[in-house]
Amino acid sequence: LLLLVVLAPALAAQDRLSELDAFVGRGMREWRIPGLAIAVVRNDSVVFVKGYGVRSVDAADRVDTRTRFGMMSTTKAVTALAVAMLVDEGKLSWDDPVTKHLPWFRLSQPWVTEAITLRDLLTHRTGLGNADLLWTRGDLSSREILERVRFLDLAYSPRSSFIYQNVMYHAAGEVVAAASGMSWAQFVESRIFAPLGMTRSTATLAATQALRDPNTSAAHWLFGTENRRIDEVPVDPVAAAGSAWSTAEDAARWLRFLLDSGRVNGRRLVSESAYRELFAPQTVVPAAQFYPSIALTQPRWMTYGLGWFQQDYRGRNVQMHTGSISGRTAIVGLVHSERLGVVVFANRDHEEFRHALLWQVIDLW
């Protein structure tokens, strides 16, 4: 009897792992995903980390836990953390006017320019509508992108609503650079990735490509029933919004850090108060601006923190964010009350199996 009592938890844990492994394999086939990597962290332990499929349909090289993938907009949480660290150092305040650090920054109306704060940049509530064409067109420098927002009409009164914004996160990255004396990319790599031991993570596509590492996934698009490799779409012009790259192994270190209140090996990179601010609800998100998966998860509330979408699920607070660009997808989710985190990277465009995986992991654990 004693033997059965001791073995029962181990068997249950193995059942969860086997079920998740089978679920991923089935989803890979049904969603026609070339390659995928996943990591699950529970109670400061990496309980599952694995690569599936191939890096590119043009070769047979398999995805493993060290294969590089784009983080895309899950980078926004990294940017928010960089701001939090500088708040701790007294170089920034969450509610500093943006013009205090970027005197040349302008929006279309002077009163809005004066009123907009760093917190507004990080919560998608500046009043600016979607401005992605400024960077996806590919012919403007990072500075020119921000200088041209002054020519865009506001879509709503600031702080009265929410429209997802990549360009304003880019502005937050420029504030990080101005306050720290180093570029956003340098800050992220030296002040965040290095202390966490994320040795295979980089801040930009350019930095990733410069490594010429063969263990790097390729972007794919599904043409009819056939996956084809496509060119990478650089997010580097608005780097702080989504340009970072990582691996399943490194992302597991990121999850452990986030679930341990901003500590690594017992040492704080960010104060407890600043850490808590990152995950505090900052603004309500309308259903139309949230993920379509709410039709299935049926949350009672939906908010945005600082780099995190938030909702309730089965009585628990879930912090999450996706990342998307042509040929790539990602998702990161945290359930602090369970000390549970999951990250998924994939190399095909907008495959929403990532959402199914997030909720499956939460259900299983």
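Over which residues does pLDDT stay under 50? In this predicted model, in which residues are numbered from 1 along each chain as its sequence is written, the residues concerned are 1-8. pLDDT is the predictor's confidence in each residue, from 0 to 100. For residues 1-8 the model has zero contacts beyond four places in sequence, a contact being heavy atoms within 4.5 Å. Where pLDDT is low, the predicted coordinates should not be read in detail. The protein as a whole averages a pLDDT of 95, and 97% of the residues score at least 70. Local features need pLDDT of at least 70 and side-chain atom pairs count only at pLDDT 80 or more, whereas totals for chains, interfaces and linings use all residues; side-chain values use heavy atoms, with hydrogens and water left out.

One cavity of 30 Å³ or more is present in the structure. A cavity is here a set of points, on a 1 Å grid over the protein atoms alone, where a 1.4 Å probe fits but cannot get out. Grid points are joined across faces, edges and corners, and a volume is the space filled by probe spheres set on the points. The volume of the largest cavity is about 90 Å³. Its lining comprises 13 residues, lining residues being those with an atom within 4 Å of a point. Val233, Val235, Gly242, Trp245 and Ile325 lie nearest the centre of the largest cavity. By class, the lining consists of eight nonpolar, three polar and two charged residues. In this division Ala, Val, Leu, Ile, Met, Phe, Trp, Tyr, Cys and Pro count as nonpolar, Asp, Glu, Lys and Arg as charged, and the others, Gly among them, as polar.

Valine 361 belongs to helix H15 (residues 353-364); helices (H or I, at least four residues) and strands (E, at least two) are DSSP runs, numbered from the N terminus. With a relative accessible area of 1%, valine 361 is buried, where buried means under 20%, exposed over 50% and partly exposed in between (1.4 Å probe, protein chains only). Beyond four places in sequence, valine 361 touches Leu20, Ile38, Val40, Leu340 and Val342. The C-alpha atoms of valine 361 and glutamate 19 are separated by 9.9 Å, although the two lie 342 residues apart along the chain.

Most residues other than glycine have a negative phi. Methionine 72, however, has a positive phi near 50°, as does arginine 339, also near 50°. Methionine 72 lies in the loop between strand S3 (69-70) and helix H2 (76-88) and is buried, at 4% relative accessibility. Arginine 339 is placed in the loop between strand S13 (328-335) and strand S14 (340-346) and is partly exposed, at 30%.

Notes. 1 Å grid on protein atoms, 1.4 Å probe; cavity = no way out; pocket = protein on both sides within 12 Å on 5 of 7 lines; lining within 4 Å.
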